[in-house]
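Please walk me through this structure, from single residues up to the way its two parts meet. I would like to follow along with the model open beside the text.

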Amino acid sequence: MNLFRIIRILLFVLCLVGSDAAAQMDSTAVADSLLLLQLQRSMQQAAPSIQQQPAPRSSLSTNPDISAIGDFRSSYTTIGKRKVETYFNELELQVVSVVDPYARAEFLFSFGKDLNTGELGIELEVATLTSLSLPYQLQLTLGKFKPVFGKVNILHPHYFSFVDFPRVINNYFDSEGMFMEGASISWLVPNPYDFYQELTFEVGRAGSEPNASLVPGETDQLLCVGHLKNFFDLSQNSTLEIGFSGLTGPNRLGFSTFIEGVDLTYKWKPLRYNVLQSFTWQSELLFANMRSTDAEVLRTNGGFSFIEYQFEKRWFLGARYDFSGFPDDATRKEQAASLLLRFQPTEFQILALEYRFTDRNYDRDFSQVLLRAIFGIGTHAAHQY
Amino acid sequence: MSRERTRFAAGLTLACTLFAYTSGLGQLKVVTTLPDLESIAKLIGGEQVDVYSIATGFQNPHFVDPKPSYILRLSRADVFVTVGLDLEIGWVPPLLNSARNSRIQKGGEGYVDASTNVPLLQVPTSASRAQGDIHIYGNPHYWLDPLNGKIIARNIFETLVRLDPDHRSIYESNLKKFTETLDAKTKVWVAKMLPYSGTKIIAYHNEWPYFEQRFGLQVVDFLEPKPGIPPTSSQLLKVINEMKRDQIKIIIISPYFTTESADLVARNTGGKVVTLATSVAASEQIKTYFDLFDYDISQLLEALR
């Protein structure tokens with residue numbers, strides 16, 4: 001009797017345990033199937049039919065990209081009556097947009113103060129229409145632009161590492177380089193080695209203020225600029241660019257100026273940590289022949305070489321050597337050495353501190369400490385490599 | 001003799017050039033911004049496409065140098081596939097502007113915005129750069145949800161079919177195979193991660209919302225105080241306290257960030273730093289879009305166990 005009772009109790013307990021385990025198994029299975037069902041639904045949702053209207057991925061506006069970039073500077077110079085300068089150098093207002101499927105346009109206004117007169121001036125520095133779809137790998141630009149002579153001249157000052165442009169650019173063109181109004185056509189040259197080779201030819205008149213080398217001119221003689229860019233990927237991390245430039249145009253003496261240039265840029269940037277480290281070495285040489293009279297041609301030259309090393313995400317160190325003559329005076333020469341420390345908290349803000357020593361054969365030598373703050377707002381078009 | 005040699009060398013060069021040129025004929029030339037898009041395009045296009053990715057798998061996709069050599073590739077491309085949502089805003093526009101190729105310009109017949117139809121996460125309601133590097137259209141790292149891979153594949157498929165309707169059946173078959181494989185694999189990946197559903201983790205940068213949603217993880221904070229701003233000591237201290245308080249043991253980081261900050265936090269909390277791949281080809285064993293999730297899931301499981 002006892003045995004029978006024990007067996008009944010055991011059977012009851014086994015049934016209870018069995019039903020609990022079954023219930024547990026059921027709940028797990030339900031959870032799994034729910035998950036799979038949910039996943040299945042997500043999968044179905046994630047495979048829209050071809051007819052489905054795509055969701056808008058940009059604001060419904062045809063407004064152009066607009067950006068404003070401020071450039072504030074301070075300096076201390078060891079000579080002169082006014083040794084300390086502090087001024088807002090320039091506000092660049094850029095407006096960029098595609099015009100239609102065939103072209104895009106860019107306008108760049110510069111609001112700057114004349115340091116001598118103190119007056120605020122506005123200049124239209126760039127106004128271009130650039131083709132997007134010409135055949136035969138051609139691209140045409142019309143308007144006012146910075147001609148492709150070397151590497152630095154095409155930059156706007158806010159994108160150049162150092163506080164101001166090399167002396168050779170200042171002495172031969174202008175403090176912000178050379179501008180021209182006309183047409184530029186460039187061609188990607190097919191070559192058997194399949195490296196990037198771009199040939200550019202530009203024709204027009206020198207823009208902005210007349211500079212030491214070139215003027216817009218009063219005859220039909222136009223400014224012509226040519227550039228051949230050769231770009232090589234040396235490895236995943238390093239590139240080399242070699243460029244050859246030439247220009248000819250009217251000068252202020254009523255004759256022609258002919259200038260040749262060569263530029264070389266080596267860049268190293270590890271792909272994996274490309275925002276943390278980089279190294280750039282850039283050099284340019286310029287040889288000018290400026291006819292000053294029927295019988296005399298002034299032959300002068302200049303150049304610069306700089307290195308810049310990024311040692312932290314936000315920190316850069318640089319050094320530059322400049323040497324330069326003057327296109328209209330073969331006797332005057334100067335050279336300068338600069339050291340740079342640049343802090344870039346984000347891509348929208350740059351603080352640069354530079355020390356420069358300038359040695360001149362026509363006046364006293366001097367030292368300078370320069371400080372620059374660049375800050376941008378709005379949507380600024382990304383720069384070329 | 002030397003003239004004959006010269007002629008022979010010239011003839012050989014010409015023949016090689018012609019061979020190289022003709023061997024690529026008939027294939028659609030596809031350029032993608034990221035290797036994930038490259039992998040999907042290869043799987044959908046098969047032998048009919050020649051695909052090249054501009055960025056590598058271990059490179060930060062926000063910051064790629066727009067080298068002129070990429071312009072050369074783009075100038076010859078039939079199809080250009082981009083992640084979109086402004087992820088590549090710092091480098092794609094200058095490349096396209098110089099490519100001299102209307103086919104692949106925005107709105108062109110060969111331009112593929114892979115984000116089309118992707119349900120986006122973290123679309124901001126207000127935008128200010130005071131918030132760091134925010135993406136006004138939503139978080140752009142959507143390819144890290146494998147189910148979004150199917151949408152990307154369809155976007156690419158539609159363009160391939162439009163440009164090359166003769167091979168529609170091949171593309172359809174490849175798309176079907178891709179979709180089925182991805183569905184099957186996703187079930188496995190999700191099932192593997194199921195026991196760890198709801199696990200709280202820390203990430204270096206805000207690039208995992210799609211991944212965490214699909215695989216049930218919960219990224220509760222970042223080492224970056226704001227997107228794109230390097231870790232600060234106060235942020236690291238905040239994260240250390242959070243990890244201690246909530247028993248968080250995992251810090252995930254992408255291959256293109258240095259591990260110093262993450263290591264520091266891990267040392268002070270007993271946590272583990274797990275480097276996950278954000279893209280195909282981030283390491284040698286990640287050759288396809290499927291490998292990307294195989295790798296990441298296995299790395300996570302190893303750390304979570």
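## A guided walk through the model

D86(B) counts as partly exposed, because 19 C-beta neighbours lie inside 10 Å, and a residue needs 20 or more to be called buried. Keep in mind as you look around that this is a predicted model. D86(B) sits in the loop that links β3 (79–82) and α4 of chain B. Its backbone deserves a look too: the phi of D86(B) is positive, about 70 degrees, although the residue is not a glycine. Most residues other than glycine have a negative phi. Q122(B) is another case, with a positive phi near 55 degrees in a residue other than glycine. Q122(B) belongs to the loop between β4 (111–113) and α5 of chain B, and it counts as partly exposed, with 13 C-beta neighbours inside 10 Å.

Now step back to chain B as a whole. Its secondary structure comes to 10 helices and eight strands, and its C-alpha atoms fill a box of roughly 80 × 45 × 40 Å along the principal axes. Of the 305 residues of chain B, 47% count as buried. Among its contacts with a separation of 6 or more, 61% are between residues 24 or more positions apart.

How is chain B divided into domains? The domain assignment gives domain 1 (27–185) and domain 2 (188–304). The C-alpha centres of these two domains of chain B are 25 Å apart, and 28 residues of domain 1 are in contact with 28 residues of domain 2. On the domain 1 side of this contact, α2 (35–45), α5 and α6 of chain B are the elements that give two or more residues. That side of domain 1 is made up of 11 nonpolar, 13 polar and four charged residues.

The interior comes next. In soluble globular proteins, nonpolar side chains tend to be buried together. Here the largest nonpolar core has 86 residues, and I44(B), L74(B) and I156(B) are those with the most contacts inside it. Both domains of chain B take part, as domain 1 and domain 2 each contribute at least three residues to this core.

Let us follow L108(A) into chain A. L108(A) lies in strand β3 (residues 103–113) of chain A and is buried, because 21 other C-beta atoms lie within 10 Å. Leaving aside neighbours within four places in sequence, its contacts are E92(A), Q94(A), E125(A) and V126(A). I66(A) is 42 residues away from L108(A) along the chain, yet their C-alpha atoms are separated by 9.9 Å. Chain A as a whole has two helices and 16 strands, and 30% of its 385 residues count as buried. Of the contacts in chain A between residues at least 6 apart in sequence, 53% join residues at least 24 apart.

Which of its residues are buried? They are S261(B), A262(B), V265(B) and A266(B). The buried residues of α9(B) pack against α8 (233–246), β7 (250–253) and β8 (272–275) of chain B. After α9(B) comes G270(B), with a positive phi near 75 degrees. Its packing partner α8(B) has 14 residues and reaches 20 Å from its first C-alpha to its last, close to the 20 Å expected at 1.5 Å a residue. Q247(B) follows α8(B) and has a positive phi near 55 degrees.

Finally, look at where the two chains meet. In this contact, 49 residues of chain B touch 42 residues of chain A. On the chain B side, α3 (68–75), α4 (92–98), α5 (146–163) and α6 (168–193) each supply at least two residues, and α5(B) gives the most, with six. By class, that side of chain B has 19 nonpolar, 20 polar and 10 charged residues.

Methods:
Residues are numbered from 1 along each chain as its sequence is written. Chains are lettered from A and ligands numbered from 1 in the order in which they are written. Two residues are in contact if their C-beta atoms, placed from the backbone, lie within 7 Å. Helices (H or I, at least four residues) and strands (E, at least two) are DSSP runs, numbered from the N terminus. Ala, Val, Leu, Ile, Met, Phe, Trp, Tyr, Cys and Pro count as nonpolar, Asp, Glu, Lys and Arg as charged, and the others, Gly among them, as polar. A residue is buried if 20 or more other C-beta atoms lie within 10 Å of its own, exposed if 12 or fewer, and partly exposed in between; C-beta atoms are placed from the backbone. A nonpolar core is a set of buried Ala, Val, Leu, Ile, Met, Phe, Trp, Tyr and Cys residues joined through C-beta atoms within 7 Å. Domain bounds come from an automatic or database domain assignment. The expected span of a helix is 1.5 Å times one less than its number of residues.
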